[in-house]
Amino acid sequence: MNIKKALKVALAQKGMTYIELAEKMGVGKAMLYNLKGNVNTSTIQSICDALGMRFSEFVKLGEE
């Protein structure tokens, strides 16, 4: 799964920015900008919760 792609597509679908998502998650925007391919599932789940989407939906967005 390409986490950067999934995040970019999800943000576009939700009409959100990285900054808005970071604020909703309670993290710094740099944390989202610096995501690499090896992200743990709890981080992905936190992103999904903040975006209001299921884990499986998010993962599907990042399939190449």
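**Exercise 1. Is Val 59 buried, exposed or partly exposed, and at what relative accessibility?**

Before you start, note that this is a predicted model, where local features need pLDDT of at least 70, side-chain atom pairs count only at pLDDT 80 or more, and totals for chains, interfaces and linings use all residues. Residues are numbered from 1 along each chain as its sequence is written, and side-chain values use heavy atoms, with hydrogens and water left out.

*Step 1.* Find the residue: Val 59 sits in helix α5, residues 55-61. Helices here are DSSP runs (H or I, at least four residues), numbered from the N terminus.

*Step 2.* Get the cut-offs: buried is under 20% relative accessible area, exposed is over 50%, and partly exposed is in between (1.4 Å probe, protein chains only).

*Step 3.* Val 59 comes out at 23% relative accessibility, so it counts as partly exposed.

*Step 4.* Now look along the chain: Asn 2 is 57 residues away from Val 59 in sequence, yet their C-alpha atoms are separated by 8.3 Å.

**Exercise 2. Describe the one aromatic pair in the structure.**

*Step 1.* Rings of Phe, Tyr and Trp (its six-membered ring) pair if their centres lie within 6.5 Å; planes under 30 degrees apart are stacked, over 60 edge-to-face, and the rest tilted.

*Step 2.* The pair is Tyr 18 with Tyr 33, at 4.6 Å centre to centre and 25 degrees between the planes, which is stacked.

*Step 3.* Tyr 18 belongs to helix α2 (residues 18-25) and Tyr 33 to helix α3 (residues 29-33), so the pair ties together parts 15 residues apart in sequence.

**Exercise 3. Work out how α2 and α4 meet.**

*Step 1.* Axes are lines fitted to C-alpha atoms, for helices over the stretch in contact, and angles run from 0 to 180 degrees between N-to-C directions. The axes of α2 and helix α4 (residues 41-51) come within 9 Å and cross at roughly 105 degrees.

*Step 2.* That makes the two helices, α2 and α4, roughly perpendicular (65 to 115 degrees; under 35 is roughly parallel, over 145 roughly antiparallel, the rest oblique).

*Step 3.* Pick out the contacts, meaning heavy atoms within 4.5 Å: Leu 21, Lys 24 and Met 25 of α2 meet Ser 46, Ile 47, Ala 50 and Leu 51 of α4.

*Step 4.* Sort those residues: five are nonpolar, one is polar and one is charged. In this scheme Ala, Val, Leu, Ile, Met, Phe, Trp, Tyr, Cys and Pro are nonpolar, Asp, Glu, Lys and Arg are charged, and the others, Gly among them, are polar.

**Exercise 4. Find the buried face of α4.**

*Step 1.* List the buried residues of α4: Thr 43, Ile 44, Ile 47, Cys 48, Ala 50 and Leu 51.

*Step 2.* Seen down the axis of α4, these fall within an arc of 165 degrees, so they line one face. The arc is that of the directions from the helix axis to the C-beta atoms.

*Step 3.* See what does the covering: α1 (3-14), α2, α3 and α5 are included. Take Thr 43, buried at 16%: leaving out residues up to four places away in sequence, Thr 43 touches Met 31 and Leu 35.
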